[in-house]
Structure formats: C-alpha cells, structure tokens
Amino acid sequence: MQRRSFLKVSALAPAAVALGAARSLAEPDTQHLVQLADQLDTSLFSSDGLAIPLPDKPSPSPLAKGLDRTLVLGGGGEWYIAWYCGFFHGLLDEGIDASSLAEMIVGTSAGSYAGSSMASGHFHRMRDEFEFFGYFPSLFARIAPVSNPNASQQRAQKINAAAKDGSRATRQIIGHAALAADNHLNGAGVERAAAFLTGDSKTDWPAAKMHTTAVDCYTGERIVVSQATARKNAIPLAHGAAASSSLPGIMGPTLLGQRLCMDGGMCPNAAHVDLVAGSKRALIITLNDGLVPPFLTGIPHRLADNIRQVEEVGTKTLWIKADPPDVNLMDPKQILPALHNGYDRAKREAGTIKSFWG
C-alpha cells in the first residue's frame, strides 16, 4: 500500500510516519557522489575550453569582439539543411557569398552543417559538381535517419518532447536519455552526412570563422567548438557538425574531445545568438520564431528575447525566418520542396541582405 493509503486510516497514521522515517534513514547517502562528480567535471574537463556558460544577462561575447559582420544559423532537421542549401545557392546566384562576407559563423544543428559546408569552401564545390534540384535530393535522402524507432529511442524522443523548460537539470535528463538510446542504425548515416556536407569527416578544422554548438549529455553544459578548441581536442569539423545535429533518440550522441554531446538546439537559447553579441551587424537565420510548430524539442525557444539581448549590447540584427509549412522536418520526401523554398526565399531576401551587410 502507498503511504497516502495509510494516512486515510487515522489509527495507522503514526505507523505511516514511522515507516516513512525508517525509509528515509535507510536511503543511501549519495550527496558525496554528487559533490565528487562536480569536482571531477571541474578538474578533468574545464581545461578543454569547450564549455561556455549561457549568460544570465546581455553582455558582449569575447568571440565576437571587434567583428563587423556575423552570421547565425539555427537548427531545424533535414528540411532545414535542404532549405539552407537552396537559400545559399540562391544568394550566390544573386551575387552574395555569405560565407565570404561573414567574419564569424555560429551554426547549430542544421545550421552547423550549412555553416561548416560554406566556411570550409565545400559548399561551392558541391554547387559546381551537381545540380541541386536533381541529384541532391535523392543523394541526401539516402543518408536520412532510419524511421521506426526502437524502445530506447522512443524514450529519449518522448522525454525530449515533454520538456517544459531549458534549465540545466532538464538538459541533463534529456542528455541521459540520449546516452541510453540505441541509435546505432543511424550511426553510419550521420558519418555519411557529415562527410558529404562538410567535405571530410576525419581531419582538422579548416575554417577559423566557424563555431558549432552542442550540449554535453552528462553535465548539460553548453558546448562551443571553435578552431582553437577543435585543434586542442582533436575534433574534426565534421564531428562538430555531427554533434550539433545529434538529436536525442535519433542520432548520436557524438564525441567531442572526451564529451558525448547532443544537438545544440537542446537549449533555451536555441540559435546561441549570444555568441555574436558585440559584433556590429548580425544576420540571424532561424527556422521560425521558436514559438510555433514544427518543433524538434519541447524546450521553449524564445528567440525574439535572445535576439533582443544581443541588440541591447549594440549589435544590429537582421532576422530571417524560414517559416516552413507544418511538415515532418525529418522526412526525406520534404527535401526537394525545401530546396525550392529556400532558393525562392533567397531571391526575395537578397536585396535586404545586401543593404544590411553592405
């Protein structure tokens, strides 16, 4: 019988209290393990330079100090990767090379793939090698995640979807479910996607301007990989992008240094715009405003508030939202429509971007 049932019988209430006290005394003391874990996190991992705390209030970012044009690319699944490819393909047709103009690129999830591809120069090579609206959709569909999730994947996905805040404790709970999910069937697909979109899955971090984001599954910390920390921890560019896109219960987690990490979107600052605070002009491109579906997590994404904080430190922003239809963002059938959607949007936004970035 549960304790509540005991309390319904007044004569047995004292016994219930005594039983509860006995159980409390019998519980193992784990506080010393919690303290030890915190100490080990600090002593063993702080020197890798990968964890950058989310700011409590608006403040300039050391990464953006002295920069003029910065680019922030948020996440949104396979649909959004394809949208980005169409969008930047369209901008190039309009004479705008965003990767050359931007002095710093922050990419999260789908944005980490798109940004890494552009920053490394591989996007230009892909654009020259095949026709985006013909070969690309069928090729990309073959590296899509496997459907029909198993029980451990369903658990991670459902926990992620049920999240109601972006606190570190919530990120840890999602991260632990991600660590326990058997995603091995999608492992090869992630490697292929990383190599296909960034040009290499094993070596170096060639683009100094590229920064990818992720979340440490165990600690819940925000992880930012830049060229210096990538080389210090032997992290290839493709691994940074793959970790940033490791959606709980679908892909990953991915090892960055000695940290197993999940999708950078598992965070209240979903596009990590705070990292460009202090730059002169930030072009910010996100799936939507974070308040309307489709979503890939239950964590609230109040992007307008995040961007307002960047503006409070003097950064001018141009915010472009893809605003997709209500589709499954992980459905390979949506790749071709997303390519066209992004390409057409670039044609409409080109003039505004030219005016903003000069």
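The questions below concern how terms are applied to residues of this predicted model.

Q: What does the secondary structure of the chain come to?
A: The chain has 15 helices and eight strands.

Q: Why is Glu349 called buried?
A: The relative accessible area of Glu349 is 14%. Buried means under 20%, so Glu349 is classed as buried. Glu349 belongs to helix H15, residues 335-357.

Q: What makes the pairing of Glu349 with Arg345 a polar contact?
A: The two side chains come to 2.9 Å of each other. The cut-off for a pair of N or O atoms is 3.5 Å, and the distance of 2.9 Å therefore meets it.

Q: Which residues does Glu349 contact, leaving aside neighbours within four places in sequence?
A: Glu349 is in contact with Phe87 and Ile320.

Q: Why is Leu36 called partly exposed?
A: Leu36 has 39% relative accessibility. Buried requires under 20% and exposed requires over 50%; 39% lies in between, so Leu36 counts as partly exposed. Leu36 sits in helix H3, residues 31-45.

Q: Why is Gln153 called buried?
A: Its relative accessible area is 8%. The limit for buried is under 20%, so Gln153 falls in that class. Gln153 is part of helix H9, residues 151-162.

Q: Which residues does Gln153 touch, not counting residues up to four places away in sequence?
A: Gln153 touches Ala181, Asp182, Asn183, Asn186, Gly249 and Ile250.

Q: What share of the chain is buried?
A: Of the 358 residues, 51% are buried. The chain exposes about 16,100 Å², with 56% of that supplied by carbon and sulfur atoms.

Q: Which residues touch the most other members of the largest nonpolar core?
A: Leu71, Phe88 and Ile285 do, in a core of 78 residues. Helix H4, residues 77-93, gives the largest share of this core, eleven residues. Beyond four places in sequence, Phe88 touches Leu73, Ala98, Met118, Phe123 and Ile285. Another core, of 17 residues, lies apart from the largest one; Ala270, Ala277, Ile284 and Leu303 are among its members.

Q: How many of the contacts with a separation of 6 or more join residues 24 or more positions apart?
A: Such residues account for 82% of those contacts.

How values were computed
Residues are numbered from 1 along each chain as its sequence is written. This is a predicted model: local features need pLDDT of at least 70, side-chain atom pairs count only at pLDDT 80 or more; totals for chains, interfaces and linings use all residues. Side-chain values use heavy atoms; hydrogens and water are left out. Helices (H or I, at least four residues) and strands (E, at least two) are DSSP runs, numbered from the N terminus. Buried means under 20% relative accessible area, exposed over 50%, partly exposed in between (1.4 Å probe, protein chains only). A polar contact is a pair of N or O atoms within 3.5 Å; within protein, one must be able to donate a hydrogen and the other to accept it, and residues adjacent in sequence count only if both atoms are side-chain atoms. Contact means heavy atoms within 4.5 Å. A nonpolar core is a set of buried Ala, Val, Leu, Ile, Met, Phe, Trp, Tyr and Cys residues joined through side-chain atoms within 4.5 Å. Accessible areas come from the Shrake-Rupley method with a 1.4 Å probe; for residues, only the protein chains shown count as cover.
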